[in-house]
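Subject: Structure for you to look at

Hello,

I am passing on the structure we spoke about. Please look through it first; my notes on what was found follow below.

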Amino acid sequence: MAVNTEKNSYTVIFATVMVVIVGSVLAFLASSLSGKISENERLEKQQNILYAMGVNENGDDEGSVNFISTSEVAAEFDKYIKEQLVIQGDDITKDDKAYLIDLKKEESLAKAGEVRRLPLFVGEKDGKEYYIIPMRGKGLWDAIWGFMSLDANMVVQGVFFDHAGETPGLGANINQRYFMDDFIGESVLDNGRYAGIEVAKGNNDPTNERKDDNAVDALAGSTITGNGVTAMIRETLNLYKPYLETIRVKK
Amino acid sequence: MALLSKKDANLILDPLSDNNPITIQVLGICSALAITAELKASIVMSVSVLFVMGMGNVVISLMRNIIPSKIRIIVQLVVVATLVIIVDQVLKAFAYELSKTLSVFVGLIITNCIIMGRFEAFALANGTWRSFLDGIGNAAGYGIILVIIGFFRELLGSGTLLGYKVLGDPIAKTGLYAIGYENNGFMLLSPMALIVVGLIIWVQRSRNKDLIEEN
């Protein structure tokens with residue numbers, strides 16, 4: 001095939017054809033897989049929410065994170081999550097699809113001046129109530145997010161964190177148990193103030209025995225991701241403060 | 001290596017030692033520094049690059065006679081990006097757990113200079129089979145160095161290997177820690193990866209004097 005590949009017209013045609021082919025292949029792939037992908041993401045969200053309230057398959061040892069299996073998670077979610085609330089300003093409504101609310105979208109709505117919707121999940125396990133708050137913030141490279149479950153006294157019962165692209169081996173370890181388990185038992189209150197929990201470098205408490213200091217031990221080498229977690233918890237608590245206060249006073 | 005002629009075998013073996021992309025050509029340093037704090041991440045990255053480089057080299061080699069030279073770099077980028085996105089999407093649909101571990105590396109693979117380097121230097125001028133071997137060889141050469149760095153950084157920095165506490169428990173003070181050993185937190189930071197690469201280069205060149213450049 002003797003084509004003059006140096007000609008401008010050939011270059012333009014080649015580029016056009018290539019873009020069309022690659023574009024349609026990717027578009028076809030994305031649309032044919034999107035159903036499966038969003039289903040996977042939905043189940044993952046349910047797994048994460050349940051994980052934060054302690055419904056998971058973790059052993060007693062400090063090992064890896066073990067979610068409820070994807071085949072059971074939908075049923076377990078219905079069983080343990082009693083109510084899904086949407087807080088919008090002073091309005092509180094129930095909504096079974098609240099866990100599908102996109103926090104990123106709500107954040108940009110809030111920036112545009114609208115009142116954002118805040119999802120909150122009320123779970124019940126062994127007669128005890130859990131208030132699970134979703135959160136979203138910024139790490140070093142990309143978004144970080146998570147769920148934190150609180151009891152009526154604002155003591156953390158469990159957390160789950162995840163990230164889009166933190167440094168592997170450093171900031172990426174926020175989704176490991178040795179980091180997340182440290183939050184359990186910490187109070188987000190400091191003398192009645194919603195202080196949150198600091199991911200602290202110098203709290204001199206590596207075994208995390210002090211549960212009243214509003215701080216957990218940071219990960220070595222991931223200052224900015226840790227600060228991101230601190231900021232995410234503080235900002236989210238600020239948003240949910242009015243509602244959380246009604247729970248606390250009620251009890 | 002009866003399957004391959006000597007020339008073909010060298011395509012795979014050369015990049016493993018005497019023409020290693022990291023230690024000799026000094027390519028792909030950025031990802032070698034970024035993701036080697038853990039052995040597991042190093043292995044995952046190596047396997048991903050192996051796949052993308054093997055496939056990419058084949059695709060570029062098949063297209064080598066019709067790619068206009070003026071836009072060849074763009075074509076190469078499109079090929080890598082497409083391959084990586086296809087892999088990422090398929091994994092997301094059928095192996096969601098695995099895709100979560102890999103997603104961090106997707107961006108790093110696309111920008112990996114070794115991949116672009118091999119497309120440009122080899123696949124554009126050679127046949128499909130040889131290009132495939134060259135891709136595999138270079139990816140393996142890259143992977144070996146990554147695994148070596150990951151091994152030392154995780155062992156000395158966290159005292160673990162693949163998450164297992166091989167040196168004992170630093171908090172409960174068992175194993176080596178009982179006699180006063182401490183993890184070197186500096187190993188977790190990128191500068192130490194560079195120093196480890198430097199040490200590997202030093203060892204390699206002192207064993208094979210031919211690699212030392214004359215000034």
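Helix α5 of chain A, residues 223-250, lies across β1 (81-88), β3 (118-125), β4, β5 and β6 of chain A. The angle between helix α5(A) and β4(A) is about 135°. Please keep in mind that the model is predicted.

The strands under discussion belong to an open sheet of six in chain A, with the order β2-β1-β3-β4-β5-β6 and antiparallel pairing. At its edges are β2 (91-94) and β6 (156-163) of chain A, each of which pairs on one side only. From one strand to the next, the twist averages 25°. Within the sheet, β4 (residues 128-138) and β5 (residues 143-150) of chain A are joined by eight bridges in the antiparallel sense. One of the residue pairs is Gly137(A) with its bridge partner Ile144(A) in β5(A).

As for chain A overall, five helices and 10 strands are found in it. The C-alpha trace of chain A spans about 80 × 40 × 40 Å along its principal axes. Of the 251 residues in chain A, 31% are buried. Among contacts in chain A with a separation of 6 or more, 56% are between residues 24 or more positions apart.

One residue to look at is Leu50(A), which sits in helix α1 of chain A. Leu50(A) counts as buried because 28 other C-beta atoms lie within 10 Å, where the cut-off is 20 or more. Beyond its neighbours within four places in sequence, Leu50(A) is in contact with Val55(A), Asn56(A), Ile68(A), Val73(A), Glu76(A), Phe77(A) and Tyr80(A). Glu76(A) is 26 residues from Leu50(A) along the chain, and their C-alpha atoms are 8.2 Å apart.

Chain A also meets chain B: 26 residues of chain A are in contact with 24 residues of chain B. On the chain A side, these residues divide into 16 nonpolar, eight polar and two charged.

In chain B, helix α4 (residues 72-94) has 23 residues. From first C-alpha to last, helix α4(B) reaches 33 Å, close to the 33 Å expected at 1.5 Å a residue. Its buried residues are Val75(B), Gln76(B), Val79(B), Val80(B), Thr82(B), Val84(B) and Lys92(B). What covers the buried residues of α4(B) includes a helix of the other chain, α1 (8-52) of chain A, along with α3 (39-62), α5 (96-110) and α6 (113-123) of chain B.

Regards

Note on methods. Residues numbered from 1 in each chain as written. Chains lettered and ligands numbered in written order. Predicted model: local features only at pLDDT ≥ 70, side-chain atom pairs only at ≥ 80, totals over all residues. Contact = placed C-beta atoms within 7 Å. Nonpolar A, V, L, I, M, F, W, Y, C, P; charged D, E, K, R; others polar. Pairing = 2+ DSSP bridges. Helix = DSSP H or I, 4+ residues; strand = E, 2+ residues; numbered from the N terminus. Axes fitted to C-alpha atoms, helices over the stretch in contact; angles between N-to-C directions. Expected span 1.5 Å × (residues − 1). Buried ≥ 20, exposed ≤ 12 C-beta atoms within 10 Å, placed from the backbone.
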